[in-house]
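Hi! Here is the structure I promised you. Have a look at it first, and then read my notes below.

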Amino acid sequence: MNLRKRWVTLVAVAFTLVAAACGSTASNNNSSSQTGTLTVWLMNGSAPQSIVDATNTDFKAKYPNVTVKVEIQQWSDVTTKLDTAFQGSNPPDVMELGNTLVAKYAAAGALLDITGKKTGFDNSATWLQSLTDSCTQGGKLYCVPYYAGSRAIIYRKDFFASAGVAPPDSMDALLTIGQKLMTAHASDPNFSALYFPGKYWYAALPFVWDFGGDIATQSGGKWSGTLDQPSSQQGLTTLQNIVSKLSRADKTGDEAKQDAVFAQGHVAMIIANGWEVGVILDPKAGNPALKDQLGAFPIPSHNAGSTAPVFLGGSDLGISAKSKHQDLAQAWIATLTGNKHMAEMATVGGVIPNTTSMLNLGTGINTTFYNAAKNSKFVPNSQNWASVESANVLPDMLVKIFTKQQDIQTATTAASNRITTILNGGG
Amino acid sequence: MGLAIATPDQRPALFLRFAQLVRRRLFPYALITPSVAVIAGILAFPLGMLVWISLQHYGLRELIQHQGEWVGLGNYQAILADPLFRQVIFRSLAFTFACVALTVGLSTLIALLLLKVRRAVRVIVMSALVFVWATPVVVTVDIWQWMFDYEFGVINYLLTQLHLGNFIHHNWFDNPLQGWTVFVVIVVWGAIPFVTITVYAGLLQVPGELLDAAQVDGAGGWQRFRFVTAPMLKPIFLIVICLSTIWDFGVFNQIYILLNQRPSSDYYTIAIYSYRESFGVTQYGLGAAIAVLLVLVLIVVTLFYVRETVRQAEIA
């Protein structure tokens with residue numbers, strides 16, 4: 001070895017050492033040398049703890065020197081927390097975002113553009129279309145679809161049997177069987193045939209959509225609110241009639257405690273997500289004895305024999321643009337959304353997986369919820385939609401309608417105007 | 001120039017005069033410098049930032065990039081044109097007036113009662129007051145929330161048991177007027193201890209011989225309070241009214257927590273409205289402008305208080 005060659009070797013070795021010392025910021029392939037702490041924000045109730053633990057174990061096997069800190073956030077105040085975190089210099093590396101929130105943060109430049117990395121994730125070719133759409137803005141991909149949820153009606157088989165009714169096939173039939181249930185339980189002052197809290201806007205949308213109404217439509221780059229259109233109002237009138245006759249739920253309350261109330265036994269039906277079955281049967285918060293009494297059917301359409309379109313909720317996983325561990329963040333997301341853990345999300349977590357290739361994993365009561373996702377709709381895909389949610393426009397409107405503080409015409413006109421303003425970028 | 005022609009033996013005298021000047025003129029400023037620095041740090045700087053942001057379009061993108069877009073008085077124009085803002089202002093003022101009047105009225109009555117009762121009773125009442133005062137707001141609001149709960153509330157149960165009507169599944173927040181009455185009760189309940197104890201302390205300072213003299217002159221109980229006690233307590237009333245106004249006008253916790261952090265626009269106070277615009281709709285510029293208006297209203301109240309205090313001092 002001549003002197004020159006030795007020098008080159010020495011320099012190469014030195015470079016390797018320096019690169020290794022830089023740890024996770026360097027893009028080398030030796031994953032075991034990566035160090036650092038990866039902060040992950042997941043939402044309350046998304047992945048069961050066992051899946052989070054298993055994901056971390058698999059991740060640790062590949063990156064033994066990286067610490068993963070998973071922090072669980074609450075839906076009620078997460079936007080405030082996210083705003084604050086993104087504003088700072090150290091936001092979490094990975095965060096779960098409700099699919100209605102992504103557009104806002106992507107437009108503000110808070111999320112990393114991962115268009116080029118798409119094929120590195122399992123099943124990216126068969127991701128659920130509406131979740132992929134929620135991650136896409138201006139042709140670029142800003143997040144990875146995580147899971148979806150769609151609502152159906154969970155009911156008590158024993159109550160239905162004793163009242164002599166069967167799952168309805170139209171909105172009229174829903175009202176009819178509900179009234180029979182109310183009569184059968186007339187001695188219980190707390191009984192609701194359909195428990196419907198006043199602020200539950202996710203469950204109100206199917207009624208609006210079923211009559212051909214919508215929240216807002218876009219034409220020529222301008223949004224206009226359409227809740228004040230006759231078709232939307234027709235849906236809300238039908239819903240108001242059902243709620244006033246079948247529900248004793250708090251007309252100003254939200255759906256947060258509906259599973260606990262259902263488990264207490266004074267409720268025959270709730271409009272709920274598939275995973276709420278688990279909450280109802282939970283030994284601590286619910287009542288495991290109801291296991292064999294639970295059934296589910298899709299929200300019926302006003303046209304007998306069809307089902308109403310439901311809101312497709314769900315979550316995506318994004319990476320902060322300011323993250324110092326972007327490659328680690330990507331690797332962690334790939335582990336959680338990979339074939340192994342995604343299948344567990346469906347079978348253990350009871351949610352709809354992020355890929356159409358796994359839609360056959362729904363079993364038993366879950367099949368109803370999986371099928372409901374096939375006839376689903378989404379809120380206006382606008383960066384300003386999150387502000388409509390934060391401003392409580394829909395819950396406020398519903399409360400005014402259900403409590404009869406305002407008639408449907410007045411309430412929908414006010415809400416529709418506010419939505420038009422906010423979606424077009426005004427406060 | 002005097003300094004140029006100064007002879008050496010004049011120098012010490014000059015230096016002494018200079019030192020005296022420094023001590024008399026600058027020393028006081030040096031003394032208050034630390035306080036001024038602290039006040040500037042914790043009050044003036046954030047307030048300045050608030051005003052600065054209120055003059056900009058400051059959405060999420062601007063927040064992340066730490067760079068707003070100058071819009072002058074645009075945010076203020078937008079707010080003043082918003083009918084909701086007028087409603088909120090009117091509601092906040094009415095709410096503040098009701099709360100302050102009830103707080104001061106009830107507290108004064110309790111304080112007067114405390115003068116009359118036996119020592120043991122006084123200790124019990126005082127302890128109860130201090131207990132209310134010492135309980136954190138979040139905890140008390142949670143308790144009130146249980147009491148007024150729609151499904152399992154004690155209040156609904158009690159009113160029904162007392163045959164005052166059917167209150168099963170009565171929703172206290174359906175009707176905003178009823179809902180606001182509940183909030184007045186909660187806020188007044190929380191404010192009474194401080195005001196009562198302050199007024200009671202003031203009552204102890206009213207000289208007994210003045211009251212005796214008034215009685216000898218034939219003044220009744222109301223007249224003694226109206227013409228002897230009340231004028232002597234004026235500075236105390238002034239400060240509790242002023243402080244209560246500031247607190248009640250900016251009320252936030254009670255309403256925000258009790259309504260599960262999602263109050264409908266019927267329950268917006270000016271503070272909640274500002275918070276919603278900032279953190280809810282991510283319009284930090286608008287939110288800041290509302291907060292500035294809130295500060296301005298409170299400055300007017302405070303100026304009134306300061307003027308009255310100065311006047312009192314001049315009379316004394």
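The crossing of α5(B) and α8(B) is left-handed. Before I go on, please keep in mind that this is a predicted model.

Let's stay with that helix pair in chain B. Helix α5 of chain B covers residues 119-134 and helix α8 of chain B covers residues 176-204. Their axes come within 8 Å and cross at roughly 125 degrees.

Now over to chain A. The domain assignment gives domain 1 of chain A as 35-148 + 313-372, and domain 2 of chain A as 151-211 + 230-310. Taken over C-alpha atoms, the centres of these two domains are separated by 30 Å.

Where they touch, 10 residues of domain 1 of chain A are in contact with 13 residues of domain 2 of chain A. Which helix gives the most to the domain 1 side? That's helix α14 of chain A (residues 366-372), with 5 residues. The residues on this side of domain 1 of chain A divide into 4 nonpolar, 6 polar and no charged.

Technical notes: Residues numbered from 1 in each chain as written. Chains lettered and ligands numbered in written order. Predicted model: local features only at pLDDT ≥ 70, side-chain atom pairs only at ≥ 80, totals over all residues. Axes fitted to C-alpha atoms, helices over the stretch in contact; angles between N-to-C directions. Helix = DSSP H or I, 4+ residues; strand = E, 2+ residues; numbered from the N terminus. Left-handed = near helix turned anticlockwise from the far one by under 90°. Domains from an automatic or database assignment. Contact = placed C-beta atoms within 7 Å. Nonpolar A, V, L, I, M, F, W, Y, C, P; charged D, E, K, R; others polar.
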